[in-house]
Amino acid sequence: MSTGVHEPPPEAPAQDEAATAAAQVAAPPEVIADSLGEYVRIWLKRVRSGESGALPVIIGLVAIVVYFQARNSLFLSAGNLVNLVIQGAVFIVLGMAEVFVLLLGEIDLSVGFNAAIGATITAWLAFSAPWWVAILAGLAATTAIGALQGTLITRLRLPSFVVTLAGLLGLEGLLIVLVSRSGHGRGVTIPIRNSIIDDLTTGNLGPAAGWVVIVVIVVLAGVFLVLRDRRRRASNLVAPPASVTALKVAAMAAAGAAVVLVGNTNRGIRIPVRGVPWVVFIVLGILTLWTALLGRTRFGRYVYAIGGNAEAARRAGANLVMIRTVAFTLCGLTAGAAGVIYASRLGSISTNVDGGQLVLFAVASAVIGGTHLYGGVGRMLHAVLGGLVVAVIYNGLGLLGLSAAVTDIVTALVLLAAVTVDTLARRGRATG
Amino acid sequence: MTMRGAADGARPASAGRASSPAADLQASGNSTNEGPLLQLRGVGKSFGPVQALADIDLEIPTGAVTAIVGDNGAGKSTLIKTISGIWEPDHGDIIWMGSPVHLHSPRAAAALGIATVYQDLALCDNLDIVQNMFLGREVIRHWQLDEISMELAAKRTLSDLAVMSVRSIRQPVASLSGGQRQAVAVAKAVMQQARLVIMDEPTAALGVTQTHIVLDLIGQLASRNIAVIVISHNLNDVMAIADRVAVLHLGRLVAVGPISGFDTSAIVDLMTTGTSSRLGREGTEAAPARGTKGPDTPADGTHPGEAE
């Protein structure tokens with residue numbers, strides 16, 4: 001019985017695996033490095049293969065900041081930085097809304113006008129209702145719009161691009177109707193008549209309180225990381241080297257200290273204005289909540305699974321219709337939060353909201369930060385980093401006195417560059 | 001000489017199969033105390049006028065590798081899709097561990113312990129090995145994913161299988177080779193207590209080393225008393241790992257029996273023409289004998305309305 005018997009070669013899995021690992025994506029350093037040096041080495045390898053983490057974006061951000069500071073020394077003033085962060089909060093939160101659907105490989109083009117609808121309803125109700133009722137009603141409206149679009153996309157299997165493009169147009173019309181019917185501000189602009197909603201962006205945490213809150217946040221995050229590593233080690237699992245965790249905590253502490261130092265610098269012109277704006281903590285809160293939802297729940301796991309391989313997720317038992325609909329719903333909810341921040345910053349909401357530009361900034365924020373357009377890869381943190389990049393460009397070009405046209409073109413070029421890098425890296429992985 | 005001995009000679013030496021007496025009995029089809037794990041009786045399936053499967057009688061013993069071979073269009077895919085619950089047969093019975101079952105969905109098949117491993121469809125590239133192995137069966141503790149217990153269980157299963165050495169089971173599946181990916185898919189099936197693992201063309205598009213890993217893995221499964229069905233075009237692989245072989249030709253089962261009763265040229269004859277003059281050793285059942293023996297009437301479990 002030896003005719004045609006398969007003669008197996010001598011076992012050589014080690015070389016084989018080394019070859020494939022080099023050709024394909026390297027594993028994240030957190031899971032394989034056991035020293036700081038190795039961590040850095042693996043990380044560099046990943047950056048070269050296009051699987052970059054957050055640091056390249058941060059380096060790019062620093063480069064742009066240096067450029068603008070060289071052109072205009074006011075750029076890094078406390079007043080401008082705080083202004084930049086408040087502007088950026090809108091892009092960041094809209095970007096986080098977009099991450100939910102980008103992870104599925106879908107897109108929501110309506111987030112800009114959806115946010116404006118939420119802002120309008122909040123502003124309108126703020127005339128008569130308590131601030132929290134107004135905000136909840138605004139969020140409920142955008143959530144419902146997200147759920148409606150998500151239902152159309154999943155139940156009728158329509159392309160998200162087309163459904164949300166219709167949403168972009170239709171919601172712009174609805175915005176005009178709502179604002180004119182509100183009977184406030186001559187049918188063009190509804191002012192925000194509620195000091196608490198106003199203060200979400202313009203109000204500040206006192207200087208001392210700012211320090212306390214930041215210290216508490218950094219300590220909590222540090223304790224969380226250390227406990228997680230310790231639990232993994234206790235179970236005999238690989239944990240990141242202690243030096244890496246220490247570096248991460250130190251970086252968080254430095255960033256927190258920088259935020260409080262800048263925020264606490266007097267930026268008032270006649271009367272002193274100090275403190276970290278509330279909106280910083282709102283963004284941090286949304287970031288923490290959504291990061292936990294994506295990273296630590298079954299829903300989040302399925303969002304990534306569907307983005308990676310919908311068929312595999314379906315075979316594993318994920319309810320694709322439900323997960324996708326919920327993702328679009330959460331996208332709507334988050335867009336509503338961005339709308340409230342937007343209206344709070346402007347002190348009003350008008351029919352002139354450029355929802356088309358806002359959605360481009362939202363997608364740009366997510367993608368520049370590192371979220372893939374093809375689904376499956378991305379984090380909420382990406383929207384924060386990318387949103388800051390967009391805000392720096394937006395703010396910096398404005399500071400240089402360049403027109404809105406230039407700002408649009410530059411942002412478009414940065415978005416194109418980010419998408420190109422994303423696509424080329426993906427193609428490199430596919431053919432490599 | 002048992003067929004197991006013959007098959008062992010043809011198997012990669014490193015496969016390290018434990019040759020348990022129980023498995024021998026099952027594999028040689030002479031099971032005395034226990035019936036086969038899965039039994040098909042007169043299973044037929046048509047798509048419109050095309051008869052994809054005709055009166056298939058097949059027994060799948062536990063702890064053994066059954067290779068299903070056949071030319072393109074012979075009905076291999078239809079057969080495994082019937083077993084994995086994707087299509088219900090038009091007539092005939094599927095008997096699982098002695099009792100008739102209706103495999104009306106992949107979920108029903110999975111609930112019985114039938115796992116199908118496809119090369120590409122099973123894994124999410126962007127998720128890591130642990131996440132893939134627990135996809136759909138995540139462990140939840142305190143409203144959160146219990147990553148540590150999932151990682152420990154995944155680690156245990158993978159090291160039990162001892163076919164794959166990866167740097168970290170937290171690396172994304174995209175960074176794995178073809179053989180390693182199949183190992184992950186198989187480990188997932190093992191972890192979910194599969195009794196029958198169906199592998200569709202497990203070595204297609206794999207290099208020599210990778211093929212070796214997968215063949216090793218198939219041997220591991222059988223030695224854990226799991227039934228394995230392998231669909232393959234590669235007769236070298238079939239001869240190397242299978243305990244039994246079933247040859248399909250134009251939707252009919254033309255031969256089935258211990259691998260020792262076949263050689264490559266006989267299988268090629270059967271695959272291409274449906275008969276072979278090179279057969280005739282002990283234990284091999286050829287087509288003409290089957291036709292007289294099996295009940296040709298559609299069994300009572302016929303579902304006329306469900307033949308889409």
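Reply: Domain bounds here come from an automatic or database domain assignment. The model is a predicted one, in which local features need pLDDT of at least 70 and side-chain atom pairs count only at pLDDT 80 or more, while totals for chains, interfaces and linings use all residues. Residues are numbered from 1 along each chain as its sequence is written, and chains are lettered from A and ligands numbered from 1 in the order in which they are written.

Me: Into which domains is chain B divided?
Reply: The assignment for chain B gives a domain 1 that is made of two stretches of sequence, 3–113 and 195–294. The other part, domain 2, covers 121–187. The division of chain B is therefore domain 1 (3–113 + 195–294) and domain 2 (121–187).

Me: Which helix gives the most to the side of domain 1 of chain B that touches domain 2 of chain B?
Reply: Two residues are in contact if their C-beta atoms, placed from the backbone, lie within 7 Å, and by that criterion 11 residues of domain 1 of chain B are in contact with eight residues of domain 2 of chain B. Helices (H or I, at least four residues) and strands (E, at least two) are DSSP runs, numbered from the N terminus. With seven residues, the element that gives the most to the domain 1 side is helix H8 (residues 208–223) of chain B.

Me: By class, what residues make up the side of domain 1 of chain A that touches domain 2 of chain A?
Reply: In chain A the assignment gives domain 1 (55–206 + 275–427) and domain 2 (207–274), and 12 residues of domain 1 of chain A are in contact with 13 residues of domain 2 of chain A. Helix H5 (78–102) of chain A gives the most to the domain 1 side, with four residues. Ala, Val, Leu, Ile, Met, Phe, Trp, Tyr, Cys and Pro count as nonpolar, Asp, Glu, Lys and Arg as charged, and the others, Gly among them, as polar. On this basis the side of domain 1 of chain A that touches domain 2 of chain A has eight nonpolar, four polar and no charged residues.

Me: Is Thr411(A) buried or exposed?
Reply: A residue is buried if 20 or more other C-beta atoms lie within 10 Å of its own, exposed if 12 or fewer, and partly exposed in between, with C-beta atoms placed from the backbone. Thr411(A) lies in helix H18 (residues 404–431) of chain A, and, leaving aside its neighbours within four places in sequence, is in contact with Phe361(A), Ala364(A), Val390(A), Ile393(A) and Tyr394(A). Because 21 other C-beta atoms are within 10 Å, Thr411(A) is buried.

Me: Within what arc do the buried residues of helix H6 (residues 147–161) of chain B fall, seen down the axis?
Reply: The buried residues of H6(B) are Glu147(B), Glu151(B), Ala154(B) and Leu158(B), and what covers them includes helix H5 (129–133), strand E8 (144–145) and helix H7 (178–191) of chain B. The arc is that of the directions from the helix axis to the C-beta atoms. The buried residues of H6(B) line one face of the helix, because they fall within an arc of 65°.

Me: How far apart are the end C-alpha atoms of H6(B)?
Reply: The expected span of a helix is 1.5 Å times one less than its number of residues. The 15 residues of H6(B) should therefore span 21 Å, and the separation of the end C-alpha atoms, which agrees, is 21 Å.
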